[in-house]
Amino acid sequence: MSETVSSKVLVLVGSLRAASVNRLLAELAAEVAPEGVILERFDRLGELPFYNEDLDTEDAPEPVVALRAAAAAAGAALVVTPEYNGSVPGVLKNAIDWLSRPYGNSALKDKPAAVIGVALGQYGGVWAHDETRKTLGIAGPRIVDGLELSIPGASLGDKHPRENAEVTERLRDVIGKLVAEIG
Ligand SMILES: Cc1cc2nc3c(=O)[nH]c(=O)nc-3n(C[C@H](O)[C@H](O)[C@H](O)COP(=O)(O)O)c2cc1C
């Protein structure tokens with residue numbers, strides 16, 4: 001597959017932590033993606049200012065322009081996030097708010113999207129993942145039914161997620177089905 005919009009997936013990680021387990025999961029997603037598909041992580045969520053309509057002009061801040069360009073260049077989106085206090089980490093919600101504009105014309109409009117992640121709690125962050133699906137689905141992308149993977153941190157121990165065969169296979173399935181939805 002040549003490097004076109006249809007072969008790229010924008011990846012957003014909802015943790016800024018240097019040792020983020022969710023970033024490791026995003027790395028694994030890139031490893032198990034179908035051949036020719038590129039998963040491009042946008043690692044600059046911490047540089048985005050808080051969403052402010054006064055800043056959202058033709059002269060928008062450079063990190064916002066870069067985020068929207070990365071979204072426009074992708075055929076799908078994958079969010080990999082922990083849960084913070086039962087919900088979506090603020091840094092991720094902020095990125096989604098930027099991506100939701102221009103209203104009705106998001107760079108991710110109607111593109112397939114999936115939300116997965118790792119959290120320490122026994123439910124693996126399912127509340128955050130459900131709420132991210134809700135807000136992302138309102139922002140523009142089309143959330144693909146049934147693509148769910150909420151991993152309790154304890155099931156990984158101190159190891160990279162790629163050392164867990166079940167997680168690796170479930171992730172391969174999610175990425176394959178997400179990519180298959182790219183129009
Ligand atoms: C502010 C904060 C709130 C958290 N709230 C939750 C929570 O509601 N549920 C949960 O399962 N884990 C919660 N955790 C633990 C995270 O799931 C855990 O730190 C996770 O490893 C973070 O992901 P990361 O390794 O990608 O940074 C919270 C952590 C922080 C720092």
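Which pocket is the space taken by the ligand? In this predicted model, in which local features need pLDDT of at least 70, side-chain atom pairs count only at pLDDT 80 or more, and totals for chains, interfaces and linings use all residues, the ligand takes the space of the largest pocket. Residues are numbered from 1 along each chain as its sequence is written, and side-chain values use heavy atoms, with hydrogens and water left out.

A pocket is here an open set of points on a 1 Å grid over the protein atoms alone, where a 1.4 Å probe fits and protein lies on both sides within 12 Å along at least five of seven lines, and its lining residues have an atom within 4 Å of a point; a molecule sits in a pocket if more than half of its atoms lie within 2 Å of its grid points. The largest pocket holds about 360 Å³ of space, the volume being that filled by probe spheres set on the points, which are joined across faces, edges and corners. Its lining comprises 19 residues, with R17, V21, V118, A119 and L120 nearest the centre, and divides into 9 nonpolar, 6 polar and 4 charged residues. Helix 1 (21-32) and strand 4 (112-119) each contribute at least two residues to this lining, the largest share, 3 residues, coming from helix 1.

Around the ligand stand 13 residues, of which S15, R17, S20, G86 and G121 come nearest, a residue being near if one of its heavy atoms lies within 4 Å. This shell consists of 5 nonpolar, 6 polar and 2 charged residues. Backbone N or O atoms lie 2.7 Å from an oxygen atom of the ligand in the case of G86, 2.9 Å in the case of L120 and 2.8 Å in the case of G121. Of the 620 Å² of accessible area that the ligand has on its own, the protein covers 71%, as computed by the Shrake-Rupley method with a 1.4 Å probe.

Two backbone features lie in loops. N85, in the loop between strand 3 (76-80) and helix 3, is a residue other than glycine with a positive phi, near 50°. P102, in the loop between helix 3 (90-99) and strand 4, is joined to R101 by a cis peptide bond with omega of about 0°.

Definitions and conventions
A polar contact is a pair of N or O atoms within 3.5 Å; within protein, one must be able to donate a hydrogen and the other to accept it, and residues adjacent in sequence count only if both atoms are side-chain atoms. Ala, Val, Leu, Ile, Met, Phe, Trp, Tyr, Cys and Pro count as nonpolar, Asp, Glu, Lys and Arg as charged, and the others, Gly among them, as polar. Helices (H or I, at least four residues) and strands (E, at least two) are DSSP runs, numbered from the N terminus.
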